[in-house]
Protein chains: 2
Amino acid sequence: MMHNFNAGPSILPQEVFKQASEAILNYNNSGLSILEIGHRTDLFQAVMDEAIALVKELMQLDDQHEVLFLHGGASTQFFQIPMNLLNENEIAAYTDTGTWSSKAIKEAKLYGHVEVVCSAKESNYNHLPKQFTVPKTAKYLHLTTNETIHGVQWHDFTPFFEAGVPLVADMSSDILSREMDFKKFDLIYAGAQKNVGAAGVNLLIVNKNILGKVNRKLSTMMDYRQHIENGSMLNTPPVFAVYVCMLTLRWLKSQGGVAAIEKINNQKAQLLYNTLDSLPVFKGTVINKEDRSIMNACFVMDNADLEKEFLTLCKQNNIYGVKGHRSVGGFRPSLYNALPLSSVQVLTDLMKDFANKKG
Amino acid sequence: MMHNFNAGPSILPQEVFKQASEAILNYNNSGLSILEIGHRTDLFQAVMDEAIALVKELMQLDDQHEVLFLHGGASTQFFQIPMNLLNENEIAAYTDTGTWSSKAIKEAKLYGHVEVVCSAKESNYNHLPKQFTVPKTAKYLHLTTNETIHGVQWHDFTPFFEAGVPLVADMSSDILSREMDFKKFDLIYAGAQKNVGAAGVNLLIVNKNILGKVNRKLSTMMDYRQHIENGSMLNTPPVFAVYVCMLTLRWLKSQGGVAAIEKINNQKAQLLYNTLDSLPVFKGTVINKEDRSIMNACFVMDNADLEKEFLTLCKQNNIYGVKGHRSVGGFRPSLYNALPLSSVQVLTDLMKDFANKKG
């Protein structure tokens with residue numbers, strides 16, 4: 001058995017793999033593969049309807065919030081968001097907390113004025129910059145709830161909720177992993193390939209009241225209102241990717257939903273961070289413990305040879321995907337929803353063994 | 001066994017379904033699902049490399065042409081093409097031959113001047129308008145090689161090759177179905193969900209010499225040059241959809257490539273059209289036989305009740321997806337690469353039986 005700590009695309013529930021595999025041969029006893037059914041058939045409409053309903057239920061959304069499944073990944077949202085929300089002469093406020101938020105900032109600058117209200121860039125994003133003031137004139141405030149590469153995660157949203165402007169959040173790497181007041185966000189987006197489903201689709205939730213306020217003419221495929229009107233089927237959707245999302249959301253519900261998975265996610269993170277803190281050979285890269293991510297845990301060793309040795313050891317023990325991003329180095333095991341606690345146990349046991357030998 | 005004449009997403013080779021289904025449980029004996037492997041691993045890089053190499057080989061491209069697998073479907077290209085190729089004060093020439101070309105025209109108008117050089121709109125696109133003059137100042141000429149909804153298809157590209165401006169073609173519904181001098185096109189795009197693979201990815205081939213000539217600032221995800229530079233991995237690609245493309249391209253090569261599949265496609269189309277022309281109860285909607293598509297055959301009956309009756313009969317005989325688009329009505333069996341000749345035989349036999357009873 002493999003222990004898949006990959007940062008994304010990442011582990012999904014084993015029963016999702018099983019169901020998806022079957023549906024490719026014969027979808028719901030239709031005699032057809034899920035890959036060859038028309039997207040405007042009852043067969044697929046049922047998938048899309050259930051996926052949307054599950055998102056609304058699991059996130060406890062209200063009627064103002066629309067759920068979309070879009071092409072293009074989260075990276076397309078970096079420009080599609082300002083395109084839909086920001087006029088050229090207006091201001092958008094951005095928090096700069098890591099690689100992903102900095103990419104969002106770069107793209108937004110093409111569409112209007114960007115005010116970076118806080119940044120941890122100078123310290124290679126090793127903490128969250130919590131002091132910031134948001135201009136009242138800002139059209140929206142953007143945050144990245146979890147920075148996959150640097151392993152920092154916002155845990156207190158009070159300052160964001162109190163900013164008094166529409167709130168836009170990239171939740172690609174921690175959506176549906178913990179309870180949050182999702183209704184209080186005006187736009188949430190997330191590449192599906194971590195907690196939602198398979199790569200190739202982007203989940204977007206938008207409060208429809210913030211739309212329709214920009215002057216620029218929008219290309220049809222870029223206009224959120226068009227996608228809402230057409231129920232995420234303005235063009236051929238990524239049928240199979242949406243299907244895998246639906247299966248993964250169904251699984252999450254069967255586990256007890258977000259509150260239940262959060263408990264397990266916390267157990268996994270605690271086990272990993274407690275082990276890390278007890279073994280001096282490993283060093284966490286996030287300087288404030290309160291900023292640590294429960295989804296992506298970053299750590300290094302003082303010695304590059306030791307790192308190599310530990311990586312080889314991981315490989316020998318079927319531990320996959322723990323290498324850190326090149327901009328941080330070291331290790332970055334990801335602990336997404338579908339990763340079992342038992343996999344973290346295997347990894348932490350190995351860390352302890354290794355430390356005992358090297359300590 | 002089902003006979004899948006769906007217009008798209010549509011039938012793929014049975015062995016592709018089998019391999020894709022297996023890869024979801026255990027990809028290449030890695031112990032991992034194809035859905036959970038990282039896109040920046042050797043495991044996936046090999047898939048992307050092979051898919052690109054197969055496209056180059058099957059289409060006999062040269063070194064000037066780059067092959068990309070992009071998000072967003074062909075509909076995103078309707079605006080991304082003018083965004084990359086057309087300045088606001090410049091002209092692009094478009095042929096207006098059906099629903100898809102008219103959508104391309106609509107989106108291009110947001111980015112520059114569009115000159116519609118020919119149109120069959122007035123006659124509901126029941127033929128191809130072959131008389132046209134392309135302004136020498138046009139930055140490019142756009143055509144839709146096959147109109148999926150109306151069943152018209154360009155067979156002679158001489159006037160396009162002789163227009164003397166860069167040539168841009170939407171080949172979504174007939175790419176890789178017949179031999180063409182693909183090198184002579186400067187940009188080819190195609191939603192994969194017909195002849196290339198699964199829904200959720202767009203194949204794009206571009207002559208790199210036409211890029212980098214517009215003044216506007218391009219969002220990173222919209223800039224073809226960025227995708228070229230990053231080998232179609234600027235962000236997380238639709239991993240599984242690309243994998244299914246690779247498998248389908250491999251299958252096409254194993255069948256003898258484009259020339260071989262064209263022979264079978266012609267046999268299928270001949271069988272269907274000969275049957276159609278021999279049975280007065282069915283009426284082809286394309287008025288010039290020379291404009292008929294070998295991919296999508298459109299026909300109606302005089303009597304709506306008869307149409308209903310025939311549709312029910314199809315259903316009873318496991319014939320799936322033959323209903324015409326609502327804008328044309330009647331029937332539109334699609335005859336994509338993976339559809340076996342035997343399925344067309346079943347359909348035409350049924351047409352003959354029906355005509356005998358009703359004639």
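In which sense do strand β9 (residues 187-191) of chain B and strand β10 (residues 202-207) of chain B pair, and over how many bridges? They pair in the antiparallel sense, over five bridges. Two strands are taken to pair if DSSP finds at least two bridges between them.

## Basis of the description

This is a predicted model, in which local features need pLDDT of at least 70 and side-chain atom pairs count only at pLDDT 80 or more, while totals for chains, interfaces and linings use all residues. Residues are numbered from 1 along each chain as its sequence is written, chains are lettered from A and ligands numbered from 1 in the order in which they are written, and side-chain values use heavy atoms, with hydrogens and water left out.

Helices (H or I, at least four residues) and strands (E, at least two) are DSSP runs, numbered from the N terminus.

## The two copies

In an unreviewed entry, UniProt lists residues 4-345 of chain A for "domain: Aminotransferase class V"; UniProt positions are given in the numbering used here, feature names are shortened, and annotations may be inferred rather than shown by experiment. Over residues 4-345, chain A is 35% helix and 14% strand, with the end C-alpha atoms 13 Å apart.

Chain A has an open sheet of seven strands with mixed pairing, in the order β2-β10-β9-β8-β5-β3-β4. At its edges stand β2 (65-70) and β4 (113-119) of chain A, each with a single partner strand, so one side of each has no neighbour in the sheet. From one strand to the next the twist averages 20°; axes are lines fitted to C-alpha atoms, for helices over the stretch in contact, and angles run from 0 to 180 degrees between N-to-C directions. Helix α3 (residues 73-85) of chain A lies across β2, β3 (91-96), β8 (167-170), β9 and β10 of chain A, and runs at about 160° to β9(A).

## Strand β5 of chain A and its partners

β5(A) runs parallel to β3(A), to which two bridges join it, and it pairs in the parallel sense with β8(A) over four bridges. A:L141 in β5(A) stands opposite A:A93, and its bridge partner in β8(A) is A:L167.

In a regular strand the side chains alternate between the two faces of the sheet. From β5 (residues 141-144) of chain A, A:L141 and A:L143 point one way and A:H142 and A:T144 the other way, and all are buried; buried means under 20% relative accessible area, exposed over 50%, and partly exposed in between (1.4 Å probe, protein chains only).

## A:K194 between β9 and β10

Strands β9 (residues 187-191) and β10 (residues 202-207) of chain A run antiparallel and are joined by five bridges; A:L187 has A:V206 as its bridge partner in β10(A). The loop between β9 and β10 of chain A holds A:K194, the residue that UniProt lists, in an unreviewed entry, for "modified residue: N6-(pyridoxal phosphate)lysine".

A:K194 counts as buried because its relative accessibility is 10%. Not counting residues up to four places away in sequence, A:K194 touches A:A7, A:G8, A:S10, A:I11, A:L12, A:T148, A:S172, A:S173 and A:Y336, contact meaning heavy atoms within 4.5 Å. A polar atom of the side chain of A:K194 lies 2.8 Å from the backbone oxygen of A:A7.

## Strand β9 of chain B

In chain B, the order β2-β10-β9-β8-β5-β3-β4 describes an open sheet of seven strands with mixed pairing. Within that chain, β8(B) and β9(B) pair in the parallel sense over three bridges, and B:D170 has B:Y189 as its bridge partner in β9(B). Towards β10(B), B:A190 stands opposite B:L203 and B:G191 stands opposite B:N202.

β9(B) is largely enclosed by the rest of the structure, because five of its five residues are buried. Both of its faces are covered, with B:L187, B:Y189 and B:G191 on one side and B:I188 and B:A190 on the other.

Conventions: A polar contact is a pair of N or O atoms within 3.5 Å; within protein, one must be able to donate a hydrogen and the other to accept it, and residues adjacent in sequence count only if both atoms are side-chain atoms.
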